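Colleague: Before I rely on any of the terms used for this model, I would like to hear what stands behind them.

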Amino acid sequence: MFHSSGNYEAFARPRPVKNAEDVRAWYVGGGLASLSSAVFLIRDAGVPGHNITILEKSELAGGALDGIEEPERGFVIRGGREMEDHFETLWDCFRSIPSLEIEGASVLDEFYWLNKDDPNYSLCRATVNRGQDAHTKDLFTLSEKAQKELVKVFLATREDMEGKRINEVFGRDFLDSNFWMYWRTMFAFEEWHSALEMKLYLHRFIHHIGGLPDFSALKFTKYNQYESLVLPMTSWLIDQGVTFTYGADVTDVDFDFAGPRKTATRLHLTQDGEKRSVELGENDYVFLTIGSLVDNSDNGDHHTPAKLDRGPASAWDLWRRIARKDPSFGRPEVFCSSIDETKWESATVTTLDARIPEYIRKIAKRDPFSGRVVTGGIVTARDSSWLMSWTVNRQPHFKAQKPDQIVVWVYGLFADRPGDYVKKTMQECTGEEITAEWLYHMGVPVADIPDLAANGAKCVPVMMPYVTSFFMPRHAGDRPQVVPAGATNFAFLGQFAETGRDCIFTTEYSVRTGMEAVYSLLGVERGVPETFGSTYDVRTLLAATARLRDGEKIHVPLARFVPKRLVDKLGNTQIGRLVTEAGLV
């Protein structure tokens, strides 16, 4: 496997790999990493779809990319994924998946046209004082000290940041800034999370610093991500003959270790209450999704809180069993042993009449029933005890939604703190109580909140014990390589496999691991698109520097001692022009 960039590799079609028709592939887990990897296995390696089996313990594919209407409870979305132009492997995959909405178009075409016609941006990023615009004015409010800390982290080596927490490398100035409020609520970072992941995010999205305050950097799907992304992909895979086996919980994998060679020999699984195994032959390949963001997630309802499930978690138990067999298979305990530091709670609110949407309209400054961008990303109630954020995407968010309904996604980073209206922690609250707290921060008159929360909406809370587990401070080797050294027929996929310069908690990361696994194991003769290199582009770095300074020019103390002709000469060079165009001088 090798990485590449440019049209030469992007437009090339690789020839089928040797003996592709004999390959049998087994995917453990039916999330985005497995689904996309199966697409690459068929499209780029030439493996027949009927030779591929996806084993998924739930009754639905998609993993954390979900969206469903549950009987009695209502619509449920555990989370949403923010996307951008340079998700290189994601768009490489979806250019080949037919749209279910537009005949003759791909999912990428559909997504591209949608975001051209209806570009995303926010008109109110944060509120205070019960629904009043916080007027952040797109400013980062970083002091000189905070700017220096940010630059220091950016320039540090990965090794310098290993094992460190964010609050160990940033001081109070930084943590009290608008920048940190934008950043932590957008990406779900906590102060105790990994400084290394913070650094990787800075490098990965440095080209979007200017769009951070108003979300103009982001793009979203038409519907929830199950219907917009997962359903077209699974439909295409089924058309290719791929077998989806639901209710199949893989519990262990046997390996043969012969010198440096490592070979998967058998899968152990439970299906319909019965234990069985799959023996792996010389033409069999196994692609294992390890860990899980949504393992043991629990749904409450309008009258019942979601439960925090600290019990056995099968995806994590599988990785633990595998990891004990070889040091190169990673250290899952680093990520899954601190539930109180990796959990948070979300809730899906469905409005039932016209009253609540009027408050949404007031804050979003857009008509929520227009079918176009509404909030343009999350709105953060920055004075909320839960640090509550909420968003209304294009409506309808579900195809089954009634025309007079609005689906809202709400989440709180601090699920253990008492609310400002409800006076209970978020994880103790029913859907009705979470709705009441949200309405309070929306500015609904206090006298109207009880009736609106009880009768104006239906809410499904979801507690996720491991949702930010990949953000825990880590060291090299804690995550296994996608294809560990010596692996002959297996690979690790998903958010807990190591793939270099990209960053986790993105759809791109899942797809990248899936692509690298197929290209590496089967020797596909095409380059994996490299992670977008904006961090090496001097123009991007200068523009980001200007934005982080909120437009304040750089003062050069020696300028008055330097002859004017030398200053003019420097200004007429390419460097001078770049610095001037960036607004730094």
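The talk below takes up a helix pair and then a pocket.

Modeller: This is a predicted model, in which local features need pLDDT of at least 70 and side-chain atom pairs count only at pLDDT 80 or more, while totals for chains, interfaces and linings use all residues. Residues are numbered from 1 along each chain as its sequence is written, and side-chain values use heavy atoms, with hydrogens and water left out.

Colleague: Why are H5 and H10 called roughly perpendicular to each other?

Modeller: Helix H5 (residues 144–155) and helix H10 (residues 195–204) pack at an angle of about 90°, with their axes 9 Å apart. Angles of 65 to 115 degrees count as roughly perpendicular, so H5 and H10 are roughly perpendicular to each other.

Colleague: Which residues in H5 meet which in H10?

Modeller: Leu 150, Val 153, Phe 154 and Leu 155 in H5 meet Lys 199, Leu 202 and His 203 in H10, where contact means heavy atoms within 4.5 Å. By class, the residues of this contact divide into five nonpolar, one polar and one charged.

Colleague: What is the volume of the second largest pocket, and how many residues line it?

Modeller: Its volume is about 670 Å³, a volume being the space filled by probe spheres set on the grid points. The second largest pocket is lined by 25 residues, and among those nearest its centre are Asp 85 and Trp 91; lining residues have an atom within 4 Å of a point.

Colleague: Which helix gives the most to that lining?

Modeller: H4 does, with five residues.

Notes: 1 Å grid on protein atoms, 1.4 Å probe; cavity = no way out; pocket = protein on both sides within 12 Å on 5 of 7 lines; lining within 4 Å. Helix = DSSP H or I, 4+ residues; strand = E, 2+ residues; numbered from the N terminus. Axes fitted to C-alpha atoms, helices over the stretch in contact; angles between N-to-C directions. Parallel < 35°, antiparallel > 145°, perpendicular 65-115°, else oblique. Nonpolar A, V, L, I, M, F, W, Y, C, P; charged D, E, K, R; others polar.
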